[in-house]
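Thanks for asking me to look this one over.

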Amino acid sequence: MSTQTMLVTAREAFARGEWRTAREQLETAPSLGAADLDLLSRATWFLGDVAESMQQAERAFAAHESAGRAEEAAQLAMRLALAWGTRADFVIAAAWLGRARRLLEGRPECVATGYLLYSQASQVLEIEGDAELSRSSAVRLTSLATTFDDPTLACFSRVLRGMALIRDGHIGEGFSSLDEAMLPVLAGQVEPEWAGDVYCSVIHVCEGLADLARMRAWTNALETWAQPLSREFMYAGVTRVHQLQLLGAEGDWDAIEAEMAASSQALLGAHNWLAGTGFTELGDIRRLRGDLAGADDAYARARAAGVDPQPGHALLLLEQGRAEEALASLQDAIGGAGQVERGRLLLPMVEAALAGGDTALAARHAADLGKVAERYSTPGLLARAAQARAAVLLAEDRPAEALPHLESAVLTFREQRYRHATARVHE
């Protein structure tokens, strides 16, 4: 078979979603140009070998750059930035974004300009929690999407707008924008590398807002999108970790113990921050079951993946009778947290303060959580705020005043199918 025939066969196989055939044909070809190196990278990514895929993408980048194809090279640089960021290596991700910025600097606006806008705004939103760049970038992306008639840029615009609205407390409007953003994804108009990242970002926000109903809906949507593409690629594993998180909330702790370690381990080197999230969930379940040594081991594996296992690690310290260390650990975590992240940390801070006998500090944290819950008004945050307020009132020997807050919390947790939280309120 001639080289040209092999390349045509590979391209046709890739178009049909036959990733293994495409990769085999491309690997057998005696030489590959930049475009076919890129195709090899993507076929390898679909087969779950992310590290090898990234090496091939770097070769494709170098070939495009040396040939003076700045836009193509910039697109690959941004895809590599996305891959490194997903692996929780933000320094290298930032370096690849810097390469893309350099390649596009001084050139007329193009589709790659939009990808750069989206990548930069997403990074700032995730690391710093600042939505201002997302708002301004969303406006520019809308204009670029119209100019270049590009559905991916329209998707990116709606994602940034939705995320900014949610950060600003406009939950309904924000999720409406995100729902609309997924239409080109479902139509197959957005490359899977970027589409999968959008799904994960939205599910992460749902988790941070303690909105299990929305998290459940978006996880189901992720599964529906990912399943036909490949059972081997990264997002098949990502889907399972999110499903296990939800099963843990619903009380199926045996499933967590049986599957989470292996599912998280399989994502290492590909999606480190979700691997770390999975190990954190495993640590939480072990802690709640009284397996403190097992919990400590799982939290250590989360840290090794680049994820700070809070508030679970602080609650483990609390279980060990180290209330002051637990509170200090939570204060360190909350120092750099945005408003959404604070909603996840403040109830444990109330618990740690009460365990240390500081009711006044607990009351301040409970009031802070009440403000966060009022800002976002999601069921889970409102229930946490009610639970925190009740805990303070009980510590102040005011059970009659605590009761309505407990009743409110338990109803919401039950509706969210959050069994352990429901049981704790009953207790």
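1. Ground rules. This is a predicted model, in which local features need pLDDT of at least 70 and side-chain atom pairs count only at pLDDT 80 or more, while totals for chains, interfaces and linings use all residues. Residues are numbered from 1 along each chain as its sequence is written, and side-chain values use heavy atoms, with hydrogens and water left out.

2. Of its 16 lining residues, Trp 45, Met 54, Arg 79, Ala 83 and Glu 193 are the closest to the centre. A cavity here is a set of points on a 1 Å grid over the protein atoms alone where a 1.4 Å probe fits but cannot get out; lining residues have an atom within 4 Å of a point.

3. What surrounds the cavity. Helices H3 (34-46), H4 (50-66), H5 (70-86) and H13 (234-250) each supply at least two lining residues, with the largest share, 5 residues, coming from H5. Helices are DSSP runs (H or I, at least four residues), numbered from the N terminus. By class, the lining has 10 nonpolar, 3 polar and 3 charged residues (Ala, Val, Leu, Ile, Met, Phe, Trp, Tyr, Cys and Pro count as nonpolar, Asp, Glu, Lys and Arg as charged, and the others, Gly among them, as polar).

4. Aromatic rings. The structure holds 19 aromatic pairs, counted when ring centres of Phe, Tyr and Trp (its six-membered ring) lie within 6.5 Å; planes under 30 degrees apart are stacked, over 60 edge-to-face and the rest tilted. Why is the pair of Tyr 115 and Phe 156 called edge-to-face? The planes of these two rings stand at 85°, with the centres 5.2 Å apart, so the pair falls in that class. The partners are 41 residues apart, Tyr 115 in helix H7 and Phe 156 in helix H9. Tyr 115 is buried at 6% relative accessible area, and Phe 156 is buried at 0% (buried is under 20%, exposed over 50%, partly exposed in between, with a 1.4 Å probe and protein chains only).

5. Cysteines. The model has 0 disulfides, a disulfide being a pair of cysteine sulfur atoms within 2.5 Å. For Cys 155, the nearest cysteine sulfur belongs to Cys 200, 14 Å away. Cys 206 has its closest cysteine sulfur in Cys 200 as well, at 12 Å, which is too far for a bond. Both Cys 155 and Cys 206 are buried at 0% relative accessibility.

6. Backbone details to look at. Most residues other than glycine have a negative phi, and most peptide bonds are trans. Asp 149 has a positive phi of about 50°; this residue sits in the loop between helices H8 and H9 and is exposed at 67% relative accessibility. Ala 210 has a positive phi of about 55°, lies in the loop between helices H11 and H12, and is buried at 10%. The peptide bond from Gln 310 to Pro 311 is cis, with omega near 5°, and Pro 311 is found in the loop between helices H16 and H17.

Conventions:
1 Å grid on protein atoms, 1.4 Å probe; cavity = no way out; pocket = protein on both sides within 12 Å on 5 of 7 lines; lining within 4 Å.
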